[in-house]
Amino acid sequence: MHQWINALADHQSRGEPCVLVTIIEERGSTPRNAGSKMVVSASALYDTIGGGHLEFKALHIARQMLEEQRSTPHLERFSLGASLGQCCGGATVLLFEPMTGVQAEIAVFGAGHVGRALVPLLAALPCRVRWIDSREQEFPEVIPNGVSKVVSEEPVDEVADLPAGSYCIVMTHNHQLDLELTAAILKRNDFTWFGLIGSKTKRVKFEHRLRERGFDDNLLARMRCPMGLAEVKGKLPIEIAVSIAAEIIATYNACFGQHDAAVNAGPIAQLLPSSRRSQTL
């Protein structure tokens, strides 16, 4: 049993960030073979990539990535000679992959048919979900892991407790409640993404009523209604749910990996065989 697998699963389930360190290339004599892994958290180390100063250096890099809250992978080459105090004499490349635990805080207002189809999809993502409705009986008996069920007689009051940067999804059974939730979310205006279930006609009606309350067009433009990817067709609850989940995934993955790729490409290419560079970098 590989301890790093259990550690990684445990950290992901608790939403605690960690870094997965993998030996992706070896040359000459090295402490462990390519594919060896370890998991580094802010306070613990799980499994090993061979010990010694290499592992100490990797631990330092991983902890620094956690402190800086970096979200992009990092490649680094090490020569296992005098500089690292190891007599192996070989060389190795380590891949540092931040596992940020929770990539998105999501609030789902409404436990109707689409909500019940959507929430299990969101629960399978690296997200923390708050599922809010006033109707206890609408929730399923089993709530997915990573989902907090909130039964509230006043769902609008829950908007004030959402973390800044949340993804907000409004799909209740009541149009007036949808409107009040929309107004409260737009008033905060610190969300990452906000989607309202409904047609283009519903959007036009809501925009008219919100303008009467003083909301300007720039703010209203941040509201996604209809929401979800248009390429995902269908009107079944699961089809609508998939389109919404797809748009959320596309939003939080939009910039993944763009910043570090050029920085890390140079020194690694000098070590890796040309036949493998295109697959690894």
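This is a predicted model: local features need pLDDT of at least 70, side-chain atom pairs count only at pLDDT 80 or more; totals for chains, interfaces and linings use all residues.
**The chain as a whole**

The chain contains nine helices and 11 strands. Of its 281 residues, 43% are buried. When contacts with a separation of 6 or more are considered, 59% of them are between residues 24 or more positions apart.

**Helix α4 and its surroundings**

Helix α4 runs over residues 175-188, and its 14 residues, at 1.5 Å a residue, should span 20 Å, which agrees with the 20 Å between its end C-alpha atoms. At the start of this helix, a side-chain oxygen of Asn174 comes to within 2.8 Å of the backbone nitrogen of Gln176. At the other end, α4 is followed by Asn189, which has a positive phi.

Which residues of α4 are buried? They are Leu177, Asp178, Leu179, Leu181, Thr182, Ala183, Ala184, Ile185 and Leu186. In an α-helix there are 3.6 residues a turn, so residues three or four places apart point the same way. The elements that cover the buried residues of α4 include the strands β6 (104-109), β9 (167-170), β10 (193-196) and β11 (223-224), together with the helices α5 (200-212) and α6 (217-220).

Lys202 belongs to helix α5, and with a relative accessibility of 9% this lysine counts as buried. Leaving aside neighbours within four places in sequence, Lys202 is in contact with His175, Asp178, Leu196 and Ile197. With Ile197 there is a polar pairing in particular, as a polar atom of the Lys202 side chain lies 2.9 Å from the backbone oxygen of Ile197.

**Two cavities**

How many cavities of 30 Å³ or more does a search of the whole structure find? The search finds two, and the table sets them side by side.

| Cavity | Volume | Lining residues by class |
|---|---|---|
| Largest | about 50 Å³ | six nonpolar, one polar, two charged |

The largest cavity is lined by Val159, Leu162, Pro163, Ser166, Cys168, Ile185, Arg188, Asp190 and Phe191. Ile185 in this list is also among the buried residues of α4.

Around the second largest cavity, the lining is formed by Phe109, Gly110, Ile132, Asp133, Ser134, Pro155, Thr172, Leu177 and Leu181. The elements giving two or more residues to this lining are β7 (127-133) and α4.

Thr48 sits in the loop between β3 (45-47) and α2 (52-67). Apart from neighbours within four places in sequence, Thr48 is in contact with Arg32, Ser36, Lys37, Met38 and Glu55. The contact with Glu55 includes a polar contact of 2.4 Å between the two side chains, and the side chain of Thr48 also reaches the backbone nitrogen of Gly51 at 3.3 Å. Although Thr48 and Trp4 are 44 residues apart along the chain, their C-alpha atoms are separated by 8.6 Å.

**Backbone details**

Where the chain passes from Cys225 to Pro226, the peptide bond is cis, with omega at about 0 degrees. Pro226 is found in the loop between β11 and α7 (237-252), and β11 is one of the elements that cover the buried residues of α4.

Terms used: Residues are numbered from 1 along each chain as its sequence is written. Side-chain values use heavy atoms; hydrogens and water are left out. Helices (H or I, at least four residues) and strands (E, at least two) are DSSP runs, numbered from the N terminus. The expected span of a helix is 1.5 Å times one less than its number of residues. Buried means under 20% relative accessible area, exposed over 50%, partly exposed in between (1.4 Å probe, protein chains only). Contact means heavy atoms within 4.5 Å. A polar contact is a pair of N or O atoms within 3.5 Å; within protein, one must be able to donate a hydrogen and the other to accept it, and residues adjacent in sequence count only if both atoms are side-chain atoms. On a 1 Å grid over the protein atoms alone, a cavity is a set of points where a 1.4 Å probe fits but cannot get out, and a pocket is an open set with protein on both sides within 12 Å along at least five of seven lines; lining residues have an atom within 4 Å of a point. Grid points are joined across faces, edges and corners, and a volume is the space filled by probe spheres set on the points. Ala, Val, Leu, Ile, Met, Phe, Trp, Tyr, Cys and Pro count as nonpolar, Asp, Glu, Lys and Arg as charged, and the others, Gly among them, as polar.
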